[in-house]
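I open the notebook here and set down what I look up, entry by entry. The structure comes before the notes.

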Protein chains: 2
Amino acid sequence: MKIGVFGTGVVGQVIAEKLDSLGHDVMLGTRDVQQSLAREGKDNYGRPALKEWMAAHPKVKLGTFAEAAAHAQLLVNATSGFGAMEALKLAGEANLNGKAMLDISNPLDFSKGFPPSLSVCNTDSLGEQLQRAFPQLKVVKGLNTLTSFLMVAPRMLPGEHHIFLCGNDAGAKQEVRTLLSSFGWADNEMIDLGDITNARGTEQLLPIWVRLYGTFQNPMFNFRIVRAEQ
Amino acid sequence: MKIGVFGTGVVGQVIAEKLDSLGHDVMLGTRDVQQSLAREGKDNYGRPALKEWMAAHPKVKLGTFAEAAAHAQLLVNATSGFGAMEALKLAGEANLNGKAMLDISNPLDFSKGFPPSLSVCNTDSLGEQLQRAFPQLKVVKGLNTLTSFLMVAPRMLPGEHHIFLCGNDAGAKQEVRTLLSSFGWADNEMIDLGDITNARGTEQLLPIWVRLYGTFQNPMFNFRIVRAEQ
């Protein structure tokens, strides 16, 4: 499948690597291709510069947000929360309309250091903002509640654990479920919360996520919802 | 131990029942004792009126917030989020100072229906507000992330699951841990996040909690943090 991934940071790279390994035709989207390729040095996660990463993944394409969106049958938004709206504007409504987009972005505000607060929360969410701005894009909020390394390799953790999906379009949610199944997520590990307003709940998981990360000094954890025996 | 429980709703009753069954000397605190006893009929959980509940638990005392606070060596705040600050003001600083208080309250705003939003969040929390207002009270935020029936009976769920504690006073957190151990919580199920600012994280768990409650139509669930094998 032709998939466009917005964002060339660690989340975009990890998702694109997985999609590439599964045989998809992937294009990463960025604001300025030349500027992104000109970056030198390792990022905070010790990952190589984008130029080196591209060389190591020769089948993955790199383009502008608009080129990646035009390329895609299915979209993944892996930008930062602050970059998400601008990325979609640059992608262009005509390239987005009618497509499903898995939105992984979180509205984290690091301007006052760690732990970050949220730049939108409680009575609104970034997922809803994106959906309102692009009403014919089918936003599915998901995967925003765990580290990217686990998004694409859930079996690195023992036993059952959960991710949360929400969005207004049932067909788009099914497209995303099918994709995530191919990443290793069992059907009962993907909890459908309902419409996109539920992004308020999943984005507001981040404040405890970042504190648990601080406590454990390790991002390799996830939430499991333990229920009474049915 | 002499324990004061603020709030006569379902959470206060369930906590008080458990404390009573463990042999503690419990006083429930309320704004107006006569008004609380005059209430008729069952609550939303099908529980009996307070008057009947008191008759069924003859060792539990009922008093004003001030009387319950004066009675107590250890405090539990089980009021609603909107009622918490007023309850502590009525309890009186002199009756609170130097004591540990397990704060279960959540700043839920039901004024626009279900699911509720939060009346304080993100860059502040109710736990912090209470701690700031009563600097010599030792606030320990905890138990606010699951239904009261599970707070006092964690083994009703299968396997390990977690609660989160935070507060500025190490001794007060230890008092609370000891109490919660007697409810059935294993030591490694009580995750200490650090100081009281971490209440932002745990209170902001409520938005997804209420949505999961809506999805499952059943409050008998809790969060388990699944970590990679150490």
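Which residue of strand 11 of chain B is the bridge partner of Val226(A)? I looked it up and found Asn222(B). Before going on, I note that this is a predicted model, in which local features need pLDDT of at least 70 and side-chain atom pairs count only at pLDDT 80 or more, while totals for chains, interfaces and linings use all residues. Residues are numbered from 1 along each chain as its sequence is written, and chains are lettered from A and ligands numbered from 1 in the order in which they are written.

**Entry: the pairing between chains.** I find seven bridges joining strand 11 (residues 221–227) of chain A to strand 11 of chain B, and the two run antiparallel. Here strands (E, at least two residues) and helices (H or I, at least four) are DSSP runs numbered from the N terminus, and two strands pair if DSSP finds at least two bridges between them.

**Entry: the side of chain B that touches chain A.** I looked up the contacts (C-beta atoms, placed from the backbone, within 7 Å) and read that 34 residues of chain B meet 34 residues of chain A. The elements giving two or more residues to this side of chain B are strand 7 (117–118), strand 10, helix 10 (199–203), helix 11 (206–216) and strand 11 (221–227) of chain B. Strand 11 of chain B gives the most, with seven residues.

**Entry: helix 9 of chain B.** Helix 9 (residues 170–183) of chain B has 14 residues and reaches 20 Å from its first C-alpha to its last, close to the 20 Å expected at 1.5 Å a residue, where the expected span is 1.5 Å times one less than the number of residues. I list Ala172(B), Lys173(B), Glu175(B), Val176(B), Leu179(B) and Leu180(B) as its buried residues, a residue being buried if 20 or more other C-beta atoms lie within 10 Å of its own and exposed if 12 or fewer, with C-beta atoms placed from the backbone. They lie on the same side of helix 9 of chain B because they cover an arc of only 155° around the axis, taken from the directions from the helix axis to the C-beta atoms. On the other side of this helix, Ala170(B), Gly171(B) and Thr178(B) are exposed. The buried residues pack against five strands of chain B, namely strand 4 (74–77), strand 5 (100–103), strand 8 (138–141), strand 9 (163–167) and strand 10 (190–194). After the helix comes Gly184(B), whose phi is positive, near 115°.

Key: Contact = placed C-beta atoms within 7 Å.
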